[in-house]
Amino acid sequence: MYAFEYLRPASVADAVARRAANAEASYLAGGMTLIPTLKQRLARPELVLDLGAIAELRGIAVAGGVVTVGAMTCHADVAASPEVRQAIPALAVLAGSIGDPQVRNRGTLGGSLANADPSADYPAAVLGLGATVQTDRRAIAADDFFKGLFETALKPGELIVKVAFPIPKRAAYMKHANPASRYAVVGVMVAETAAGVRVAVTGAGPCAFRVPAMEAALAKSFSVAAIAGLAVPADELNSDMHATADYRAHLVGVMARRAVAAIA
Amino acid sequence: MKITLNVNGVVRSGEVEPRTLLVEFLRQHLGLTGTHVGCDTSQCGACTVHLDGRPVKSCTLLAVQAEGRSVTTIEGVAQNGRLHPVQAAFKECHGLQCGFCTPGMVMSALGIIARHKDTGLTEADVRHELEGNLCRCTGYQGIVNAVLMAAKDMGIRVG
């Protein structure tokens, strides 16, 4: 690791101001990606701003048909939350499937979203449930948040504060996990929300994406049969040592059908 | 930077660079070499310690992040010279061979048992929740047996 300065801001305002004052500063959330990146010398921030002491970034609240999760809430807390398990069981299941227990005790919702790893689980929840990402300066709809490989709508220095998940009528998340890392080779969130059926895929493409053809079919008939013949094109999907694009395209169909079967 | 934290019930201070990992601080500054570095890439779990009672991988945590918090390492598990029930069960069930992964396995096992103390523990729970720890020699059967035996010995419903 290259040397860096370290500060632990006490508030969102302080963190954002310090980041704005130094273009070479980096926020540190749970550190499950940033610290390995620093260890490999793939990043060289002058200043690391540890968000771990900012109380306003933590916590889970359920009110008015919305589950709100603070950006620094760790995966283990979302997975174990009785409120989340009751309101959106699929979200608790998803959080409990990330990495391993030690990773879930450190990794955070905000860190996962800001990093936008193509194989991360949370993007499927945010996009599939039609959540809203609240930053220090604005609210970003899930449909506008993920822009590409490790690329989001966040501006330099913009900090995720919390995410609001509208409680769906029903939802399920199914993933084919990499057996070593538990990252999603393909993960699919299917949700019937007040605004319609949403099908969101992670792991398969450069970033999480929706499958409009499946959504339309499920809106007509919420059944496994309705999407039985539907597939996503493999053209723009990821291909790597873990899975080819064709295999990922196949898995999208399998995971989507399993998710529907779980709640149909 | 000066940091002060509680390690195994004792307040410890030290001077560290911000880039010093918690595992480096424990091993090199405090001489607590029971916490091992296996993969150094947050996969193998040999470096698992408890931070405020929860298992974390100390190779993927800066020492400065533990400022003011409580850390428990394998050295803090046995009390008054007596093995903790988890340690005793690893010995009884042959839950180790070379022993390199064992400190991390024990710290993860303590976390598993703590999380299930009210709800009970199954073999499937243990296998799923040991996913963050790798053993390269003896295999997992003895380890899983040890965690289940320890839970039973600690009065937790098993099965």
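User: How many Å separate the centres of domain 1 and domain 2 of chain A?
Analyst: The centres, taken over C-alpha atoms, are separated by 25 Å. Keep in mind that this is a predicted model.

User: Where does each domain run in chain A?
Analyst: Domain 1 of chain A covers 5–55, and domain 2 of chain A covers 58–263.

User: How many residues does each domain put into the contact?
Analyst: Domain 1 of chain A contributes 14 residues and domain 2 of chain A contributes 15 residues. On the domain 1 side, the largest share is 5 residues, from helix H1 (residues 12–20) of chain A.

User: And what is that side of domain 1 made of, by class?
Analyst: The side of domain 1 of chain A that touches domain 2 of chain A has 10 nonpolar residues, 3 polar and 1 charged.

User: Switching to the other chain. How many residues from chain A and from chain B are in their contact?
Analyst: Chain A supplies 19 residues and chain B supplies 21 residues.

User: Which elements of chain A give two or more residues there?
Analyst: They are strand S1 (5–7), helix H2 (34–39), strand S3 (47–50) and helix H6 (101–104) of chain A. H6(A) gives the most, with 3 residues.

User: What about the classes on that side?
Analyst: The side of chain A that touches chain B has 10 nonpolar, 4 polar and 5 charged residues.

User: Now the chain as a whole. How many helices and strands are in chain A?
Analyst: Chain A has 11 helices and 14 strands. The C-alpha trace of chain A spans about 55 × 45 × 30 Å along its principal axes.

User: What radius of gyration does chain A have, against that of a compact globule?
Analyst: Chain A has 18 Å, which agrees with the value near 18 Å for a compact globule of 264 residues. Of the 264 residues in chain A, 51% are buried. Taking contacts in chain A between residues at least 6 apart in sequence, 61% join residues at least 24 apart.

User: There's a sheet with S11 in it. What is the strand order?
Analyst: The order is S11-S12-S13-S14 (chain A), an open sheet of 4 strands with antiparallel pairing. Its edge strands are strand S11 (170–177) and strand S14 (209–210) of chain A, each pairing on one side only.

User: How many bridges join S13 to S14 in chain A?
Analyst: Strand S13 (residues 196–202) of chain A is joined to S14(A) by 2 bridges, and the two run antiparallel. The bridge partner of Val201(A) in S14(A) is Phe209(A).

User: Which strands does helix H10 of chain A touch?
Analyst: Helix H10 (residues 212–220) of chain A packs on the sheet and touches S13 and S14 of chain A. The direction of H10 makes about 145° with that of S13(A).

User: And H11 of chain A, what does that helix touch?
Analyst: Helix H11 (residues 245–263) of chain A also packs on the sheet, touching S11, strand S12 (184–193) and S13 of chain A. The direction of H11 makes about 40° with that of S12(A).

User: Last one, a single residue. Where does Leu154(A) lie?
Analyst: Leu154(A) is in the loop between strand S9 (151–152) and strand S10 (160–166) of chain A.

User: Why is Leu154(A) classed as partly exposed?
Analyst: Because Leu154(A) has 17 other C-beta atoms within 10 Å; a residue is buried at 20 or more and exposed at 12 or fewer.

User: What does Leu154(A) touch?
Analyst: Leaving out residues up to four places away in sequence, Leu154(A) touches Ala114(A) and Thr135(A). Leu154(A) and Val133(A) are 21 residues apart in sequence and 10.0 Å apart in space, C-alpha to C-alpha.

Conventions. Residues are numbered from 1 along each chain as its sequence is written. Chains are lettered from A and ligands numbered from 1 in the order in which they are written. This is a predicted model: local features need pLDDT of at least 70, side-chain atom pairs count only at pLDDT 80 or more; totals for chains, interfaces and linings use all residues. Two residues are in contact if their C-beta atoms, placed from the backbone, lie within 7 Å. Ala, Val, Leu, Ile, Met, Phe, Trp, Tyr, Cys and Pro count as nonpolar, Asp, Glu, Lys and Arg as charged, and the others, Gly among them, as polar. Domain bounds come from an automatic or database domain assignment. The radius of gyration is taken over C-alpha atoms; the globule rule is 2.2 Å times the number of residues to the power 0.38. Two strands pair if DSSP finds at least two bridges between them. Axes are lines fitted to C-alpha atoms, for helices over the stretch in contact, and angles run from 0 to 180 degrees between N-to-C directions.
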